[in-house]
Amino acid sequence: MYNNSKIAKSVRLALMISVGGVATISTSALSAEEVAATQGVERIEITGSRIKRTDMEGANPVTVIGQAEIAKMSVTNVGDLLTNLTSSAGNAANTQTNNGGDSAVRFSLRGIGEERTLVLVNGRRYVAGGGGANSSVDLNTIPTSIVKRVEILKDGASSIYGSDAIAGVVNIITRDDFDGFEFKANYGQTSEGDGAQTGFDITFGSSSEKSNVVVSIGYNKQEDVFMGDRGFSEYELRSYSDGTTQQGGSSASPWANVDGYPGSANDADNPTADVNVTRGPEFGDWRVRDGSTDSYNYNPVNYLQTPSQRTYASVFANYELTDDIRAFSEASYVETRGDQLIAPEPLAPLVFFGHEAPYSADNYYNLTQGPTDLDGNSYEINDWRRRMVESGGRGVSRNYKTYRVVLGVEGDFELGDNAYSWELSYNYGKSDSVERSSGYTNLDRVTEAVGPTGWLDSNGNLLPDNQVGEQLVCLTEDNTIIDGCVPLNIFGEPGTDTEITAEMLDYISGDYDTTELGQNRQESIQAIISGDLFEMPAGTVGFAAGYEYRKESGSYTPDSLIISGTTTAGSAVATNGSYSLDEFFLEVSMPLLKDAPLAHRLEVDLAARYSDYSTFGSNTTTKIGVRWMPVEELMLRATVSEAFRAPSTPELYSGAETDFPEASDPCDGDTSPNANCIATGVPEGGYDSGGVEQIPTKIGGASNWDDYSLTPEEADILTVGAVWNPDYIDGFSLTVDYWNIELSNAISEVGTQSRLDGCYERGEYCDSIVRFGENSAVAGSIIEVYDYTVNVGGINTDGIDFETRYAFETENGSWVIQLDGTYLLNYEKEIAGGEIIDHTGRFNNNHDGFFTELRSNLTVNWSIDDWSVTGTARYIGGVTETESGWWTEDFDREVPSMTTFDLQGTWQATDNVALTLGADNLFDKQPPFVFSAFGANTDVTTYNVLGAFYYARATVSF
């Protein structure tokens, strides 16, 4: 049987788990109760292996966050818990992500991508979540109230768990053996008095001689915070190489931005100039627009923290059918209601949406309030832009429901001297979504509303020659009245009697709220057997083998308005697709040496998995791990593995839809464009977009390309590490692991910016860029860029993880000091054309986000009698960003490092009541400016942007 001599030492090391904050603990530091339990059960399964063992520390680098550690944080869901890990990087969305977010919290281990981080619950897959046909798990749907511990495998694990486990695995172990009653209530808010979070959890369990049932229910509410509520995000800022900033914004403003008449008095000194004119923020006379002073600041009315509500319930049950066979079940339901609010519609039909809607010279509002030509007459305006602030903003209301059911039987048996365990389980998960959007407009109706107008007399007759009468109506070009149409005034001043009226808005927007339905579904059947094979001189050879069938499906169903592209909410077509697979896997652990010179213990682990997919065929991955203990206090470990990720449902089948990513056209403003620009439709004299910063882009699954098929991603992964637990320093441990990941054949979009740059610099992707023709009023401007999913490039990254902790006793209480960190040595992303994008120590908004070289958490915990206090210092190293835009030449600037402090204290008032007070970001540290980030002048996926957050929690248990 497996060596049990390490149990006593594991128990000693487990005493160190009373640390707080986000600090993580290695597998040798499970809770004392959990480790002690292994003395009776003898074997447990740790993430990264299906073989049950008595030793907690194996060849795989696994970090464990126990229930005691979770209690020392303010988080209420697993997603917020994981984003504080030092191994978190990139740009995975959270509830601070407003424009581009979906009320979900996702986790990207090492910045490799949330779709490449496999999420398990009790060793079984969890269904993807979001708006439908998603490729990653919404960790917001897993409340911390049901969690016993979270195990994070920071190694490739496709040979153990199959697809998606390239960066690693998050395995959430639930409280399925709880006996008693527990009630938790929490409330918190920021130092500004906003962003309140309120919630409660009730967990109760009952055990009998043969069964156990645990029920958990809860509710959490998070209130909104606006960008205008914080000084750093109140204005959209443009930065310059000399360190100065300027308030920026959108070219679509409430004071209108329209074509100037060439040669008019608006620019008398340059009669051939093609300029735009505006009334300016002062709403004065028409003048030439100045982008540095006349842009609209859209930041204040955007959410900085999105509001949401979650209601959840879980049931875990097991029953002993016989002495050796047990039935088990898991059931969970989570409903999330979340909102998104972004700035009011930037109505610019031609430039932003590629829709011709010329503002007629015979429109009453143009005649009376619009700009004029040299003779003082109105003229037809082709390019006009107006921010529809009277609408109150563009909102999305979401309702997500996630269901999950697991049914299974497991058991144990012996053959001779060998012991075996087996399991047969069925896992079903489904997430349904409904999204309703408002504040968008019907471009066909806009065209009617800005066309020619006329007046009716009191009898309903049309008056000649624009004579003013009783009712203003819309007319066709042949002077026919358009029934129900309300002419639109884009020249008026909001808040005055010239503003856009409710009737105007109702005609172009009132009946055009959109609805989108989505679903993700997952079914799997899994059969596993594990146990002993045979004896070797150094111990027993263990194995695990099994079979898994899985089917994944997803759908997205937009309403007719979106399918037809009727509104400015965008256009998209439905998605409906699925795939299935059969997998067989085998894992063997062989003890080679024991109690030999320089080999207290030497083991080798081997694993292989064969996968057969309905979409692309078969794939085989392997893994080898070595665990060597030259002496009992030191363990050296290494793994070499292959990993893969199969194309997901949305990557395969997602219908084409229009997105508006931030990008800069290198052909824009160039008066002598190169041949590549001209080949795509840029006039030989160049063109000026007038400050367009978001490029319409068609995105979607690979099926949107003609005759193109996706293939799986592949990765080679190496980890080498050491764990040192010296006997002569009681309570001390040190873990260091080096990791290297080489990913090829990545499944991704090329990226709008990369396509534009590739065409400009190398003549690549030019056929995916569509521009307005030479006869258009905005010749050369981009209509859209096609950027559907492809296999392109790869990732090469390596770094070092370290964990050290020291637990000791004094006459003044117990102490634990812990330092965890990740040092990024290199992160290079290869994109199409062989170009290498260096992420190391950089923030690249268009290429995967934030990658600091060093991120660490230092935690100090002190406890005495009924009191405990935990302080955590979180360090996020600085990065370099590249600022680019129409207002400046590209330049690099340094983003400084940031350190915040969390503090929490708990008083065990009675045996049944505990009271907790805490503060995140105690000293109200403002996040550093990251000007190239989208939205809030900082990176909302990396930093806590709300400032100091104070919270209180009461726990009653018996």
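Tutor: Helices (H or I, at least four residues) and strands (E, at least two) are DSSP runs, numbered from the N terminus. This is a predicted model, in which local features need pLDDT of at least 70, side-chain atom pairs count only at pLDDT 80 or more, and totals for chains, interfaces and linings use all residues. Residues are numbered from 1 along each chain as its sequence is written, and side-chain values use heavy atoms, with hydrogens and water left out.

Student: Where is alanine 128 found?

Tutor: Alanine 128 is in the loop between strand S4 (124–125) and strand S5 (147–153).

Student: Why is alanine 128 called buried?

Tutor: Buried means under 20% relative accessible area, exposed over 50%, and partly exposed in between (1.4 Å probe, protein chains only). Alanine 128 has a relative accessible area of 13%, so it is buried.

Student: Which residues does alanine 128 touch?

Tutor: Contact means heavy atoms within 4.5 Å. Not counting residues up to four places away in sequence, alanine 128 touches Asn134, Ser135, Ser136, Val137, Ser431 and Asn520.

Student: Why does threonine 938 count as buried?

Tutor: Its relative accessibility is 1%, and therefore threonine 938 counts as buried. This residue lies in the loop between strand S49 (913–920) and strand S50 (949–957). Among the residues that threonine 938 touches, leaving aside those up to four places away in sequence, are Phe232, Pro927 and Tyr943.

Student: What makes a set of residues a nonpolar core?

Tutor: A nonpolar core is a set of buried Ala, Val, Leu, Ile, Met, Phe, Trp, Tyr and Cys residues joined through side-chain atoms within 4.5 Å. The largest one here has 40 residues, and Leu82, Leu139, Ile142, Val150, Ile152 and Ile172 have the most contacts inside it. Elements that give two or more residues to this core include helix H4 (78–83), S5 and strand S6 (168–174). A second, separate core of 28 residues includes Val277, Tyr365, Trp384 and Leu472.

Student: What makes S14 and S15 a pair?

Tutor: Two strands pair if DSSP finds at least two bridges between them. Strand S14 (residues 276–278) and S15 pair in the antiparallel sense over 2 bridges. Valine 277 has valine 288, in S15, as its bridge partner.

Student: How do you know that the buried residues of H9 line one face of the helix?

Tutor: In helix H9 (residues 502–510), Met504, Leu505, Tyr507, Ile508 and Ser509 are buried. Seen down the axis, they fall within an arc of 160 degrees, so they line one face. The arc is that of the directions from the helix axis to the C-beta atoms. Exposed Ala502 and Glu503 are on the face of H9 turned away from its buried side.
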